[in-house]
Amino acid sequence: MLTDHFNRTIDYLRLSVTDRCDLRCSYCMPEGFNDYEEPEHWLSFDEIERVVGAFARLGVSQVRLTGGEPLLRARLPELAGRLKRLPGLRDLSLSTNATQLEKHAVALMQAGVSRINVSLDSLNAERIAQIVGRDVLPKILAGLEAGKRAGFSPIKINMVAMAGVNDDEIADMVAFCIRHDYTLRLIETMPMGDTGRNVQHLDLQPIKAQLRQQFGLIEGFVTGSGPARYLQSPDGKFTVGFITPISQHFCATCNRVRLAVDGTLYLCLGQDEKVELRPLLRSGASDQALEQAIQ
Ligand code: SAM
Ligand code: SF4
């Protein structure tokens, strides 16, 4: 098992399959960002399968495909299928902006992806265009519908809550999620370098208290809960999660590490520690050496 020196068990890997994205969300991409890694630095499917296999042997049972925008990586369903067949890997999920989900939903489901998280910060087309840099709300909504038809469950909506940008839309988003049976997750902006700092931080604690009172919410539990803390309506019809890196830390229960598309293993979003796994993969290192490096 992978256990760190705070006695936290690491059983969850966020696997970035591309650093490219078709959107430019104001809290995510640095302005003018176009400094993409060249594809030769990207791990191939064989290399990804080998590293994830090593993680699985060390006790990682959950993998989330992410990016950039993971659906921009060509043949992603093929990679998903290969990972899902690795012994020990029981849960494969995807975080996406959903602009391409309509095309890929069925293939991803058939490949063994069971849960999806979709970024959706507003239900207003103009506002979405301002936040993400393109007019994509209809595509996102079509992607979500396709995800529902394909049978993903649960579908979680990630809404990054920003003061003066979309904080007036939380009630609308709650109604939208109840109507479509989506799980809403409200996220505080996390400062990452300069990115995320230029956005007006919104403390989610007062919003949590207000929703708790309005809907009579009680503590809830959701599969793959990670850093989110969930509340549920007593009839179970509405679930809302809060990811609050600033107002209520969740470091003590962290269970995850991150693998970038170039094979860099990051231990924490808020720290600089990293381990380069690509040189090992490309110099003929044994499985044992790979596992030792991860450990
Ligand atoms: N492109 C995919 C998407 O948008 O879901 C996957 C990658 S994206 C980086 C994963 C999640 O991180 C999204 O829900 C996004 O809203 C969130 N995110 C990005 N930058 C953030 C920040 N500075 N603070 C909080 N959440 C952030
Ligand atoms: Fe792209 Fe997701 Fe970042 Fe938005 S949050 S710019 S969709 S990677």
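Reply: Start with glycine 68, which sits in the loop between strand S4 (62-66) and helix H2 (76-84); helices (H or I, at least four residues) and strands (E, at least two) are DSSP runs numbered from the N terminus. This is a predicted model, in which local features need pLDDT of at least 70, side-chain atom pairs count only at pLDDT 80 or more, and totals for chains, interfaces and linings use all residues. Residues are numbered from 1 along each chain as written, chains are lettered from A and ligands numbered from 1 in the order written, and side-chain values use heavy atoms, without hydrogens and water.

Me: Which residue does a cis peptide bond join to glycine 68?

Reply: Most peptide bonds are trans. Here a cis bond joins glycine 67 and glycine 68, with omega about 15 degrees. Another cis bond joins serine 153 and proline 154, with omega about -5 degrees. Proline 154 is in the loop between helix H5 (137-150) and S7.

Me: How should I read phi, and is alanine 98 buried or exposed?

Reply: Most residues other than glycine have a negative phi. Alanine 98 has a positive phi of about 70 degrees and lies in the loop between S5 and helix H3 (101-111). Alanine 98 counts as buried because its relative accessibility is 0%; buried means under 20% relative accessible area, exposed over 50%, and partly exposed in between (1.4 Å probe, protein chains only). Aspartate 181 also has a positive phi, about 65 degrees, in the loop between helix H6 (170-180) and S8. At 62% relative accessibility, aspartate 181 counts as exposed.

Me: Which residues are closest to ligand 1?

Reply: A residue is near a molecule if one of its heavy atoms lies within 4 Å of it. Ligand 1 has 17 residues around it, and the closest are Tyr27, Gly68, Glu69, Ser119 and Met190.

Me: What polar atoms lie by the nitrogen and oxygen atoms of ligand 1?

Reply: A polar backbone atom of tyrosine 27 is 2.8 Å from a nitrogen atom of the ligand. An N or O atom in the side chain of glutamate 69 is 3.1 Å from a ligand nitrogen, and a polar side-chain atom of asparagine 158 lies 3.1 Å from a ligand oxygen.

Me: Which residues are around ligand 2?

Reply: The residues around ligand 2 are Cys21, Leu23, Cys25, Cys28, Met29, Gly68 and Asn97.

Definitions and conventions: A polar contact is a pair of N or O atoms within 3.5 Å; within protein, one must be able to donate a hydrogen and the other to accept it, and residues adjacent in sequence count only if both atoms are side-chain atoms.
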